[in-house]
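This briefing sets out selected features of the structure shown below, grouped by topic.

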Amino acid sequence: MSQAATAPMPAIYIPHGGGPCFFMDWTPRDTWTRMGDFLRGLIRGLAVRPRAILMVSAHWMTDDFAVTGAAAPELIYDYYGFPPHTYQLRYPAPGDPALAARVVDLLGAAGLAARVDPARGFDHGMFIPLLLAAPDADLPVVQLSIRNDLDPASHLAAGVALAALRDEGVLILGSGMSFHNMRGYGDPRFGPVSDSFDAWLTGAVEAAPATRHKLLTEWADAPAARLCHPPRAEEHLIPLMVTAGAAPEGRGRKIFSDRVMETTVSAFRFD
C-alpha cells in the first residue's frame with residue numbers, strides 16, 4: 001500500500017528555541033532540555049518517514065512568498081553574539097528544486113504570488129531544530145518564506161494551497177515560537193501572560209476547522225496576544241497559520257508544552 005493510501009503527512013508547528021541554544025551551555029542547564037528532547041523525537045515519532053520537508057521559518061520574510069531553489073543551500077548563521085563554535089555547526093541537507101517548483105505552482109494556482117529563490121540558504125529557524133529532529137541531514141528540505149505583511153489570512157490560505165503536499169509524502173513544518181516577546185523572557189510577570197495566550201491558542205487550534213480558521217485569523221484579539229507577540233513582531237507565530245491551513249479539514253492538537261525562561265511555549269500538530 002502506498003504512503004498516500006495510508007495517511008497524509010501531518011503539518012506541525014514547532015518551537016525552534018533561542019538561536020543555537022541546544023548546542024551551548026545555558027543557565028539553568030536544563031533550560032532547553034525538554035524542548036530539545038521533543039525535537040529529537042519529532043521525525044522518529046511519525047508513522048511514516050517523510051520523503052521531504054517543507055520548512056516555513058520565521059526568519060525569512062519577503063514581500064511575496066519565496067522558496068529556496070538551490071540543490072545544496074548554504075547555511076545562514078543569522079544569530080548574533082553566541083559562542084564561536086555555534087558558527088561552525090553544519091547541516092548539509094539537500095535542497096529539492098522540483099519540490100520548490102511544485103510549491104510555487106500550488107501557491108500560484110491559489111492566486112498567491114510566489115517565486116523560487118535560487119540563491120537563498122537555510123537559516124537557523126531551519127537548521128537548528130533539524131539538527132535535532134533529522135540529524136543525518138538526509139531528507140531533502142525546501143524552505144518557504146513568510147510575507148512581510150504578516151497577514152494571518154494570507155498565510156492560512158497558503159497552507160490550504162499546499163495541503164496536497166501532505167499526500168505526496170512532504171512533512172510541512174512551521175518553525176517559530178508560540179511566545180516571542182524578547183522583553184518577556186526571563187520575567188516572571190510574563191508567566192501568567194503567556195499562560196493566558198497559550199490557553200487561548202490551544203483552544204483555537206483544537207476547535208473545529210471553520211472556527212479554528214476564524215480564530216487564528218483574528219488571533220491579535222486574543223487575551224494577552226500583543227503582550228506575547230508585540231505589534232509587527234509576530235513573525236514567530238505566523239508559521240503556525242501555514243501549518244493550520246495545510247490541514248483545512250483536519251484535527252489540531254497541542255503535542256508539546258514547556259515553561260522556558262518563565263514563559264509557556266508550545267507545539268501543535270494538524271492531521
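Helices here are DSSP runs of H or I with at least four residues, and they are numbered from the N terminus. The model is predicted, and local features need pLDDT of at least 70.

**Packing of H2 and H4**

- Two packed helices are described by the angle between their axes and the distance between the axes.
- Helix H2 covers residues 33-40 and helix H4 covers residues 124-133; the two pack at an angle of about 70°, and their axes are 7 Å apart.
- Angles of 65 to 115 degrees count as roughly perpendicular, and H2 and H4 are therefore roughly perpendicular to each other.
- On the H2 side the contact is made by Gly36, Leu39 and Arg40, which meet Pro129, Leu132 and Ala133 of H4.
- By class, this contact of H2 with H4 comprises four nonpolar residues, one polar residue and one charged residue.

**Enclosed helices**

- A residue is buried when its relative accessible area is under 20%.
- Ten of the ten residues of H4 are buried, so this helix is largely enclosed by the rest of the structure.
- The buried residues of H4 include His124, Met126, Phe127 and Ile128, and Pro129, Leu132 and Ala133, which meet H2, are also among them.
- Around H4, the partners of its buried residues are strand E1 (11-15), H2, strand E2 (52-62), strand E5 (141-147) and strand E6 (170-176).
- Helix H9, residues 238-245, has eight of its eight residues buried, so H9 too is largely enclosed by the rest of the structure.
- Among the buried residues of H9 are Ile238, Pro239, Leu240 and Thr243; of these, Pro239, Leu240 and Thr243 are in contact with Tyr13.

**The largest pocket**

- The largest pocket has a volume of about 300 Å³.
- Its lining consists of 17 residues, and Gly17, Gly18, Gly19, His180 and Met182 are the ones nearest the centre of the pocket.
- By class, eight lining residues are nonpolar, eight are polar and one is charged.

**Tyr13**

- Tyr13 is located in strand E1 and is buried, with a relative accessible area of 0%.
- Beyond its neighbours within four places in sequence, Tyr13 contacts residues including Gly174, Gly176, Met177, Ser178, His236, Leu237, Ser266, Ala267 and Phe268.
- Between Tyr13 and Asp151, 138 residues apart in sequence, the C-alpha to C-alpha distance is 17 Å.

**Tyr185**

- Tyr185 belongs to the loop between E6 and H6.
- With 16% relative accessibility, Tyr185 counts as buried, because the cut-off is under 20%.
- Not counting residues up to four places away in sequence, Tyr185 touches Met177, Phe179, His180, Val260, Met261 and Thr263.
- One of these partners, His180, is also among the residues nearest the centre of the largest pocket.
- Tyr185 and Gln88 lie 97 residues apart along the chain, and their C-alpha atoms are separated by 27 Å.

**Ser194**

- The C-alpha atoms of Ser194 and Ile12 are 20 Å apart, for a separation of 182 residues along the chain.

Terms used. Residues numbered from 1 in each chain as written. Predicted model: local features only at pLDDT ≥ 70, side-chain atom pairs only at ≥ 80, totals over all residues. Heavy atoms only, no water. 1 Å grid on protein atoms, 1.4 Å probe; cavity = no way out; pocket = protein on both sides within 12 Å on 5 of 7 lines; lining within 4 Å. Points joined across faces, edges and corners; volume = space filled by probe spheres on them. Nonpolar A, V, L, I, M, F, W, Y, C, P; charged D, E, K, R; others polar. Axes fitted to C-alpha atoms, helices over the stretch in contact; angles between N-to-C directions. Parallel < 35°, antiparallel > 145°, perpendicular 65-115°, else oblique. Contact = heavy atoms within 4.5 Å. Buried < 20%, exposed > 50% of the residue type's maximum accessible area, 1.4 Å probe, protein only.
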